[in-house]
Amino acid sequence: MTINDQNGQLHAEIATFTPLKLNDQSTLSSLLQYAGQHYAVQQLSLSPEQAAQIMAAQTTISTKNLNEASTGGKSEEEKQSGLVVSYAVGILIYFFISTFLSMITTEIASEKGSRAMEMLLVSVKPGTHFKAKIAGVLLLALTQMGIIAIVFLIYAKFIKGGMVWDAAASIVKELSVGYVIYAIVFLLLTVILYLIIGALFGSLVSKVEEAGQVLMPAMIITIIGFYVMLTGMGNPDTIIIKIFSYIPLTSGMIMPMRIGATDIGGIVPLLSLGILVVTIVVVYLFSLSFYKRSVLTYSSGGVIQKIKTVLKVTT
């Protein structure tokens, strides 16, 4: 760390071989700002005007990466903006999963319980019905996302004299195009994965009252992922964040945080995204095959017992 005087204020340059973690950046920035104020006090007498100058003193901090083989790390502002946007993405994922996972499961369960499914499958194949349910609920989710985005933009632009718009613009300004693309892709793929699982769960139950029973495991995983994301708001560099960023059911909440608030290589998000895509394909193929056999099968008991009943009846 190199510190010198520039126009009566401190200027500090932090040189590191590897980019600093967000917590370390924040700690050093706070200490340097505090030191800058003390330095200003030493240069001045304590008149009112000079006291105001002390309060306005800011330490200019720049970072320098000594490792020529690696790219420069993100600034503290970029990481803070990444945290805020990642939190918003996590909230959206949790909201849409809790809403539309239950919706698609209860709709299919309702059709089975009222025996409407038997009449529907006279006209369409089970596979077509499975795909239509997922596509319909996904389009509804996308429509709601669009409405929420438009309402937020209108609110931010015209409420409180545009203060919310200016704050949002300052956050977006620190984001890269690649991060925005990753965040949107992880959001959409995570919603699709849970919709496929929800359709499969709906085909297992025989009536709407049993939907909560099969939804519980998926909702517990969603809640765990959400709370892991919240722990990452304080320190996104922990090992638990790294682990959950590769788990397909939680990576949509966690990986955008790592991309935006930590210094990771380009292969890390691609690996997590690849795992998520492969999981979606595998779960989709399995669910499509299983749905064709389970959608007209009626049984009682727990989830495991229902799966065993379907396998016994259809094999």
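The largest pocket is lined by 27 residues, and V85, A88, L92, F152 and V172 are the ones nearest its centre. On a 1 Å grid over the protein atoms alone, a pocket is an open set of points where a 1.4 Å probe fits, with protein on both sides within 12 Å along at least five of seven lines, and lining residues have an atom within 4 Å of a point. Two or more residues each come from the helices tabulated here.

| Element | Residues |
|---|---|
| helix 3 | 76–113 |
| helix 5 | 126–158 |
| helix 6 | 163–173 |
| helix 7 | 177–204 |

Helices (H or I, at least four residues) are DSSP runs numbered from the N terminus. This is a predicted model, where local features need pLDDT of at least 70 and side-chain atom pairs pLDDT 80 or more, while totals for chains, interfaces and linings use all residues. Residues are numbered from 1 along each chain as its sequence is written, and side-chain values use heavy atoms, without hydrogens and water.

What kinds of residue line the largest pocket? The lining has 27 nonpolar residues, no polar and no charged. Here Ala, Val, Leu, Ile, Met, Phe, Trp, Tyr, Cys and Pro count as nonpolar, Asp, Glu, Lys and Arg as charged, and the others, Gly among them, as polar.

Helix 7 also packs against helix 11 (residues 267–294), at an angle of about 20 degrees and with axes 9 Å apart. Axes are lines fitted to C-alpha atoms over the stretch in contact, and angles run from 0 to 180 degrees between N-to-C directions. The two helices, helix 7 and helix 11, are therefore roughly parallel (angles under 35 degrees). Their contact has 22 nonpolar residues, six polar and no charged.

Note on methods
Parallel < 35°, antiparallel > 145°, perpendicular 65-115°, else oblique.
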